[in-house]
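Have a look at the chain below.

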Amino acid sequence: MPSLLHSLSPLALRLPGAFSLASMHGAWLQRRALSKLDGARLSDLGITEREAAREASRPFWDVPAGWRR
C-alpha cells in the first residue's frame, strides 16, 4: 500500500514554488544515506567526514533553497 507521502509526491513536483512534504522527505532520505557512507565513499564524492556529519545533522525541514522554487 503506498504511503500518503508517495501519493503526494507527484502532485508536489507539479506545483512550482510548493514547499512540500516530499521535499522534506527527500532531504531526510539523502542525509540519512550520507550519514551511512564510509570515509572511502565520502572521499570518492569529494566530501570530508566532517562535512558529511554536518549535512546529516541538519533538520529534515531544512531543504536546499533550489528545492523551494
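Q: In this predicted model, which side chain makes a polar contact with the side chain of Arg31?
A: The model is predicted, not determined by experiment. Arg31 sits in helix H2, which covers residues 21-35. Its side chain has a polar contact at 2.9 Å. The partner is the side chain of Glu55.

Q: Is Arg31 buried or exposed?
A: Buried means under 20% relative accessible area. Arg31 has a relative accessibility of 5%, so the residue counts as buried.

Q: How many residues apart are Glu55 and Arg31?
A: Glu55 also forms a salt bridge with Arg31, with the closest N and O atoms 2.9 Å apart. The pair links distant parts of the chain. Glu55 is in helix H4 (residues 49-56), and Arg31 is in helix H2. Their separation is 24 residues.

Q: How many salt bridges does the structure hold?
A: One joins Glu55 and Arg31. Another joins the side chains of Arg58 and Glu55, at 2.8 Å from N to O. The structure's count is two.

Q: Which residues do salt bridges with shared partners join into one network?
A: Glu55 pairs with Arg31. Glu55 also pairs with Arg58. Salt bridges that share partners make one network of Arg31, Glu55 and Arg58.

Q: Is Arg58 buried, partly exposed or exposed?
A: Arg58 has a relative accessible area of 28%. Glu55 also has 28%, and is partly exposed. By the value of 28%, Arg58 is partly exposed.

Q: What is the accessible area of the nonpolar patch on the surface?
A: The patch is formed by Trp28, Leu29, Phe60 and Trp61. Trp28 is found in helix H2. At 39% relative accessibility, Trp28 counts as partly exposed. Together, the four patch residues have an accessible area of about 440 Å².

Q: How far apart are the C-alpha atoms of Ser20 and Trp61?
A: Ser20 lies in the loop between helix H1 (4-14) and H2. Ser20 counts as buried because its relative accessibility is 11%. Ser20 and Trp61 are 41 residues apart along the chain. Their C-alpha atoms are separated by 9.6 Å.

Q: What is the order of the elements from the N terminus on?
A: The chain has four helices. It has zero strands. From the N terminus on, the order is α-α-α-α.

Q: What share of the chain's contacts with a separation of 6 or more comes from residues 24 or more positions apart?
A: The chain has 69 residues, and buried residues make up 19% of them. Now take the contacts with a separation of 6 or more. Residues 24 or more positions apart account for 59%.

Q: Where in the chain is confidence lowest, and where is it highest?
A: The average pLDDT of the chain is 75, and 65% of the residues score at least 70. The lowest confidence is in H1, with a mean of 47. The highest, at 93, is in helix H3 (residues 39-45).

Definitions and conventions
Residues are numbered from 1 along each chain as its sequence is written. This is a predicted model: local features need pLDDT of at least 70, side-chain atom pairs count only at pLDDT 80 or more; totals for chains, interfaces and linings use all residues. Side-chain values use heavy atoms; hydrogens and water are left out. Helices (H or I, at least four residues) and strands (E, at least two) are DSSP runs, numbered from the N terminus. Buried means under 20% relative accessible area, exposed over 50%, partly exposed in between (1.4 Å probe, protein chains only). A polar contact is a pair of N or O atoms within 3.5 Å; within protein, one must be able to donate a hydrogen and the other to accept it, and residues adjacent in sequence count only if both atoms are side-chain atoms. Patches are made of residues with over 30% relative accessible area and no salt bridge: like charges are joined within 9 Å, nonpolar side chains (Val, Leu, Ile, Met, Phe, Trp, Tyr) within 5 Å. Accessible areas come from the Shrake-Rupley method with a 1.4 Å probe; for residues, only the protein chains shown count as cover. Contact means heavy atoms within 4.5 Å. pLDDT is the predictor's confidence in each residue, from 0 to 100.
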